[in-house]
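Open the model in your viewer and keep the selection tool at hand. The tour goes from one stop to the next.

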Amino acid sequence: MVGLNERTLQKLEFDQIRERLAGLCASALGKERALSLGPVNRLWQVQERLAETTEAKEILRLRPAVPLGGIHDIRPVLRKAAVGGILEPAELLRVAETLQASRRLRGFLTGEAAKATPLLAALGEALGTYPAVEQAIARCITAEAVVADQASSTLLRVRRAIKALQNRMREKMEAMVRNPDVQRYLQDALVTMRGDRYVIPVRQEYRHQVPGLIHDQSASGATVFVEPLAVVEMNNEFKRLAAVEKEEVIKVLQALSALVAGDAGDMETSVEVLARLDFIFAKAKLSGAMDAGLPVVNNHGRLMIRSGRHPLLTGKVVPVTIELGKDFDLLVITGPNTGGKTVTLKTVGLLTVMAMAGLHVPAENGTELPLFEQIFVDIGDEQSIEQSLSTFSGHMTNIVRIINQAGPASLVLMDELGAGTDPAEGAALAQAILEHFRNEGVKVIATTHYSELKAFAFNQPRIENASVEFDAETLQPTYRLLIGRPGRSNAFEIAHRLGLAGSLVERARSFLTQEEKDVAALIDNLEASQVNAAQEKERAERLRQEATERLEKLEQRERAWQEKEADLLIRAREEAYQVVKEAREEADRIIKSLREAMTRIPEKELLVNAESERNRLRRFQTKISGERWKEIPAAGKPLKSVQIGQSVFIPRVNQKGSVLTLPNVQGEIQVQAGILKLTVNLGELRAAPAEVKTTGEAVYAAIASGKAREFSRELDFRGTTVEDALELVAKFLDDAYLAGVSPVHLIHGKGTGALRAGIRSYLQKHPLVKGFRGGEHGEGGTGVTVVELKS
């Protein structure tokens, strides 16, 4: 913990913050942590505590029903069980409720939304679940903290016997009290109990008329409580069964206690995590109640509070904006009494301590607070007109202690520095003290009434003036802090407003020294300059805000266009993929039809049918080309004529190619496009541009070129039947021909030779096969057939 004693925290009213925090906790465990909360100065530790608060606040915003109920401080109970103690039913109930809370909270924090709150999710993972213990306690202990009948079969049997016996005893004794012969001896016609035995109230004078055992008598002695002899044996049996019941209850409680003891260490860890989570969510609730936010923390002494509000003030609170540690290390605040100087000191101190304790602070975004090793406070609780020497001595004793202990990593807050003694001497002491702190690198905020300190702060480096604003029109302070402007006493203005004659005010001014008049003029000039600077700053901030908003709108518009462009591209790709898929399916149907025709009809009819299917494929190919032209813009102008070797652009595949033949009667041309040899119509071609980027520009082109690049020259169909092999080989040869790959290797294996014979017989009739041969040494020998395709 930081070097802050409890008295300093009380001066800054941090104890009241802890009490508010404790009131927001759901358990005694959380309250215990809240009331012991203190600041730390390790940067990683403070950042982690603040991040926990931020995550909890976000969870409360999105899912406010955090299951924090049922958390009890069961640490003493767990320790009792761990040393072999027998737990009472009420203690077991508290254990069960706490374990249920652990299970519920773990599920809540480690669900799907855990990714957004990693710190709290990790704490949730640390919570244990103990379903066996929960179920055993729920089965054996009722909500009224009584061992249930179903806790054991023996207990159930004994209690049923007790109930039956009680019913018989009650019936017998009620019959006795209703009997007129017995009733006249009774004080009251009722059955009661004394010492776990059923008795009836008999008048003292008739005690010998009712045979039985006397167990008690009334305070007056007028009534004796008699156990009739007729039910003595029943009462004895009842007592015996009650002893058996008690023994069985102890056995049940022993078993449950042993079950708890087995996981007592892990359960205690879960209890500590539950306490921490309750405390963290209380910090988040406090942040929401104070309308607080996450401050930036640093360890280089930079303090910047933007519109900070004292969290304990109610009503309309004027926020304070204050900085320290950048352009100056000491701030001297001047101004009238009740103007808000002391509140400013406490606000700075309290917000700094809150941040160092891991709490959000009630200030605007951009607030930055440093981590100090020590914070010293010299703030008087009473602001009296009369100041005695003892008051000065008390302040000076405290300041001496601060001077001896404060260092570069310290924050010192002093109210009415040098007050309580001769003004000249007090001002001189104040200047010397401030100069010492400046030389030691201490961060200081001090308030004063001495005008000498205004000039001192103005002339000294790393020291800055500030004042609390005073409205001379209303004669009221505005509570606004003005940095860079020393305060004025406003005595003359106030006196004049209150009715003092103007001549007297002017006469009073004449008694001022020239130096005092110069200081007043300096303050007036500073005020005017600062007003102008504030107006310019406000204007610049307004322009910056407008520029930021315009930039955000432009960025949003750009993102919208990018999203729209991406959506259009995705849809275009999907449409292109569908077109290619339909084209391939249609091509497969045509090729299958050609194969069937080749096996069924005479050669002449085969040629006619083949030409018909070929024309069908061309028509579909033209249709597909037209679809693709809708998606891919032409690279150049359409060509009316071409020459062999001329470079052209083929929109269908989005590639450049080289002309191999002149147009035939149908206007068809053979074009070499990479490893593809295509037959296209002259009307499809475009003038080739100097360079056409192909990467990622056409889905169809990517599929076609990828197919050629990835095509394997080998087909291994060993182990298949001749019929299956013929279908595989037919498709393989078609793909090889379209890809321009030759020769290819058909791997059929050696075996019996039947598969090799069937394949080679098929190859002799295949229209695309130019020739074939057996594999040579190194190619697979007789187990491979090498096929050369027509060009």
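Begin by selecting K341, which counts as buried because its relative accessibility is 4%, and buried means under 20%. Bear in mind that this is a predicted model. K341 lies in helix α13 and E416 in the loop between β11 and α15, so the pair ties together parts that are 75 residues apart in sequence.

The structure holds 26 salt bridges. For another, select E58 and R61, whose closest N and O atoms are 2.6 Å apart. Both residues lie in helix α4, 3 residues apart, about one turn of the helix. E58 is partly exposed at 30%, while R61 counts as exposed at 58%.

Next, select E32, R33, D73, R75 and E272, which are linked in a network of salt bridges.

Go on to helix α19, where E541 and R544 lie 3 residues apart. They form a salt bridge, with 2.6 Å between the closest N and O atoms. E552 also has its place in helix α19, which covers residues 514-600. Which residues gather with E552 in a patch of negative charge on the surface? Select E546, E549, E555 and E558 to see them.

The last stop is one of 2 aromatic pairs in the structure. Y185 and Y206 form a tilted pair, 5.2 Å centre to centre with 55 degrees between the planes. Y185 is buried at 13%, whereas Y206 counts as partly exposed at 30%.

Key: Residues numbered from 1 in each chain as written. Predicted model: local features only at pLDDT ≥ 70, side-chain atom pairs only at ≥ 80, totals over all residues. Heavy atoms only, no water. Patch = residues over 30% accessible without salt bridge, like charges linked within 9 Å, V, L, I, M, F, W, Y side chains within 5 Å. Areas by Shrake-Rupley, 256 points an atom, 1.4 Å probe, with all protein chains shown as cover. Salt bridge = Lys/Arg side-chain N within 4 Å of Asp/Glu carboxyl O. Lys, Arg positive; Asp, Glu negative; His and termini not counted. Charge placed at Lys NZ, Arg CZ, Asp CG, Glu CD. Helix = DSSP H or I, 4+ residues; strand = E, 2+ residues; numbered from the N terminus. Phe/Tyr/Trp six-rings, centres within 6.5 Å; stacked < 30°, edge-to-face > 60°. Buried < 20%, exposed > 50% of the residue type's maximum accessible area, 1.4 Å probe, protein only.
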